[in-house]
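Here's a quick briefing to read alongside the sequence and the 3D view. We'll start with charged pairs, then move on to the helices and the overall fold.

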Amino acid sequence: MKNLIRFSVVKIILVAAVFVFSGNSLKGQQIKLGYINSNELLSAMPETDSARVKLDALSNELGQQLEEMNVELNNKYQNYNRDVATMTPSVKAQMEKDIQDLSVRMQQFQHDAQEDLEIAQRTLMAPVFEKAQAAIERVSKANNFTAILDAGVGVLLYIDETTMIDILPLVKADLGIN
């Protein structure tokens, strides 16, 4: 998602540069640039907190399952070490296989759990991103902005606040956020 945001910001900067450097085609039109810190906006949105609570719950659930697997692995390993001297070769081989299989399952579970968390994050945050984007577009159109740059992704190196307007307060007001 960050790559998508960065790509969008680069597009906006390129569009703004085209507006700035193509003065002939924009005669009589005022270029109005604004900026917003999208990270700050997203942090202020209650939907983000709700998504974080759900993600934390999923993360805790998956972490608990992994911990249970780890306890099982440790118990098998301790039993193996305790009894290895008295085991028959076939029992020893079976216990070693069981320990190895459980270790492989744990690694696969960790991988799958990470993917599940990433999918859940994308799924839960997509409506939040869409709502924020829609609010930014509404505010931008209502206030006749030519382009909005995102200071939250580290693209802006300099902001002259006399010529650029921070639209975060306007977008927060549009969303009903204090």
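Arginine 82 sits out in the open, with a relative accessible area of 58%, and its side chain meets that of aspartate 83 in a salt bridge (3.0 Å, N to O). Keep in mind that this is a predicted model.

**Salt bridges**
- Lysine 97 pairs up with aspartate 101, with the closest N and O atoms 2.8 Å apart.
- Those two are four residues apart in helix 4, about one turn of the helix.
- Lysine 97 is partly exposed at 45%, and aspartate 101 is partly exposed at 31%.
- Arginine 138 and aspartate 174 also form a salt bridge, at 2.3 Å from N to O.
- Arginine 138 belongs to helix 4 and aspartate 174 to helix 5 (residues 168-175), so this pair ties together parts 36 residues apart in sequence.

**Helix 4**
- Helix 4 covers residues 89-142, 54 residues in total, and spans 79 Å from first to last C-alpha, close to the expected 80 Å.
- There's a kink of about 35 degrees at methionine 125, shortly before proline 127.
- After the helix comes asparagine 144, with a positive phi near 55 degrees.

**Whole chain**
- Five helices and three strands make up the secondary structure, in the order α-β-α-α-α-β-β-α from the N terminus.
- Of the 178 residues, 26% are buried.
- The chain exposes about 11900 Å², with carbon and sulfur atoms supplying 54% of that.

Terms used
Residues numbered from 1 in each chain as written. Predicted model: local features only at pLDDT ≥ 70, side-chain atom pairs only at ≥ 80, totals over all residues. Heavy atoms only, no water. Buried < 20%, exposed > 50% of the residue type's maximum accessible area, 1.4 Å probe, protein only. Areas by Shrake-Rupley, 256 points an atom, 1.4 Å probe, with all protein chains shown as cover. Expected span 1.5 Å × (residues − 1). Bend = angle between axes of the 7 residues up to and from the residue. Salt bridge = Lys/Arg side-chain N within 4 Å of Asp/Glu carboxyl O.
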